[in-house]
Amino acid sequence: MSKRVGIEVSIALADVVGMANTDVVAAYPITPQTHIVERLAELVADGELDAEYIPVESEHSAMSACMGSAAAGARTFTATAGQGLELMHECLYVASAMRLPIVMAVTNRALSAPISVWGDHSDVMACRDTGWIQIFTENGQEVVDIALCAFRIAEDKNVLLPAMVHLDGFHLSHVIEPIIMPEQNQVDDFLPPNKYPFLLDPARPVAMGDFAPPAIYTEMKWAQEVNLQKSKETILKTWKEFADIFGREYKPVESYRCEDAKVLLMTMGSYSETAMTTIDKMREKGDCENVGLLRLRLWRPFPTDELREAVKNADVLIILDRALSFGAAGGPVGMEIKSALYNVTNKPKIVNYVGGLGGRDITVAEFEEIIKKGIDIARNGSENEFEIFGVRE
Amino acid sequence: MELKEPIAIRIHGRGGQGAVTLAEVVAQAAISEGKYAQAFPSFGPERRGAPVQAYIRIDDDKPIRNRAGVVFPDIVVVLDPGLLNIVNVTAGLKEDGMLVINTRQTPDKIEIKLGEKQNLAAIDATSIARETLGVPIVNTTMIGALVKARNVVKIESLLEPLNKRFGRLAEKNISAMKKAYENTLVKEKKAIG
């Protein structure tokens, strides 16, 4: 039987990466990702995981090593955060365009300057367009489950794309909580060996990431786009099969108490759980109309159809972003959702907040403030396209 | 149906005193009892000697859905008596809350300093840790005081997490915890309602 243990989320993640029989880990330590790669280094050093651990000199090198490893057909994992993800940036585009199934955990962190080791989604949003599959998690159980699914999705022959598993830095990565760890035989049954079809092999040389003149570049990018959009089918199939085995279901857009709600709050990542408690309390008090919570789990490929379905009965949609897009018309998630709903006839009024920057908590009471003020803005308008929550001007 | 809140505990210590380990071990003990629990540090780069906080939430029967730091604790644990002068350790402590302090003074003396707002538990954890462990690291000793003051987990449930965390040093830490459990003075404000 699977065992329920009290464990730090980073350690549980590293352990499940080990159970996935990962062949290569290439990583550079950076807060708040450190515990994940330290644990993996320990598993390899202790002989518990038969893998190659490559200590590299930078994140740019980490992703470069991962690309070589994945191209050689090895199951490949890395993890990073914040500035580390930014230093990898140009390699991220190469990994996806070359169809290399790398799994990377990102302990989401704010960006410098000023230096902040704490969490928000600034690093994620800067990598929005890199062509990776990107999935958000809300608690330790989801981190373990989604990471396991990520290997299978990324390595599926219909996908062959790199995948990021997003867990909020500190707010998830450093929390001890109950997690049901899978049994090794369950992992082995769920996750078949990696069979990368285009192996780098000296006996049968191939060129990868080759030169593309104008006559072919557009078609290459079109193929990449079709591939990423179509990966959703495999993601849904994988989550369904995961649910059949492990009993926990995952969806691109998750809903909480939305059935009778005309007002919906939308969050991503670990703050969603705090928001759920707010929804429960507001419904208990009953001094406000019924409110529900949507959580965007699948960030890329963006689940346009599921989003439209989820908001079709709502009057008000309040979106919390945890990153700024400087000089833009809204937060990155807010803008994307507005874009996805613009051509829909019946759509909710959208209110966009940016908050929880650089690790600042949003408490249960503050989520209530966001919702109540959001309803007011939706009904009475505002001079601003978006609000920065809790800022001391 | 009234929503029952989890028990919220805030631990005040200094970097290096093991506040985070205390939180981790207590949460693991609660989880091993089938409860829901979470433990986490007040996040940031660790600096030895600087005031730090760690948090625990425990719920008997439902998952804990709150990722924010503990602002209104039911219980506050203070590992270092020197912190009383520089940190407002009772900030947000609930009306019927419990303050568990490492101090050489009795609850009556401490009360004069902090006012009579809360229930108090006092233990000279530094002396116990010095005698039992040979070092003034009081985190495991203070677990005994915490559990004596408020029965958040069973003493037996702490043995496995402590054994796992401390290995060959576990026995001494368990002994320090038990000594504190036996010697902690608890002063309840008054019977509630």
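Predicted model: local features only at pLDDT ≥ 70, side-chain atom pairs only at ≥ 80, totals over all residues.
The C-alpha centres of domain 1 and domain 2 of chain A lie 28 Å apart. Domain 1 of chain A covers residues 3–246, and domain 2 of chain A covers residues 253–388.

Let us look at how these two domains meet. Domain 1 of chain A contributes 27 residues to the contact, and domain 2 of chain A contributes 21. On the domain 1 side, four elements of chain A each supply at least two residues: α6 (122–126), β6 (133–136), β7 and α9 (214–246). Which of them gives the most to the side of domain 1 that touches domain 2? It is α9(A), with five residues. Sorted by class, that side of domain 1 of chain A holds eleven nonpolar, eleven polar and five charged residues.

I turn now to the sheets of chain A. Strands of a sheet pair through backbone hydrogen bonds, in either a parallel or an antiparallel manner. One sheet of chain A is open and has seven strands, in the order β3-β2-β4-β5-β7-β6-β12, with mixed pairing. Its edge strands are β3 (52–55) and β12 (298–300) of chain A, each of which pairs on one side only. On average, neighbouring strands of this sheet are turned by 20 degrees against each other, direction ignored.

Within chain A, please follow strand β5 (residues 102–108) and strand β7 (residues 163–168): they run parallel and are joined by six bridges. As one example to find on the screen, Met104(A) has Met164(A), in β7(A), as its bridge partner.

How do β9(A) and β11(A) run, parallel or antiparallel? They run antiparallel, with four bridges joining β9(A) to strand β11 (residues 291–296) of chain A. In β11(A), Leu293(A) is the bridge partner of Tyr256(A).

Let me now move to chain B. It contains six helices and seven strands, and along the sequence they follow the pattern β-α-β-β-β-β-α-β-α-α-α-α-β. The radius of gyration of chain B is 15 Å, close to the 16 Å that the globule rule gives for 193 residues, so chain B is as compact as a globular protein of that length. Of the 193 residues in chain B, 51% are buried. Among contacts in chain B between residues at least 6 apart in sequence, 63% join residues at least 24 apart.

Finally, the two chains touch each other. The contact takes 21 residues from chain B and 24 from chain A. On the chain B side, α1 (19–32) and β2 (36–41) each supply at least two residues, and the largest share, six residues, comes from β2(B). The residues on this side of chain B divide into twelve nonpolar, six polar and three charged.

Key. Residues numbered from 1 in each chain as written. Chains lettered and ligands numbered in written order. Pairing = 2+ DSSP bridges. Axes fitted to C-alpha atoms, helices over the stretch in contact; angles between N-to-C directions. Contact = placed C-beta atoms within 7 Å. Nonpolar A, V, L, I, M, F, W, Y, C, P; charged D, E, K, R; others polar. Domains from an automatic or database assignment. Rg over C-alpha atoms; globule rule 2.2 N^0.38 Å. Buried ≥ 20, exposed ≤ 12 C-beta atoms within 10 Å, placed from the backbone.
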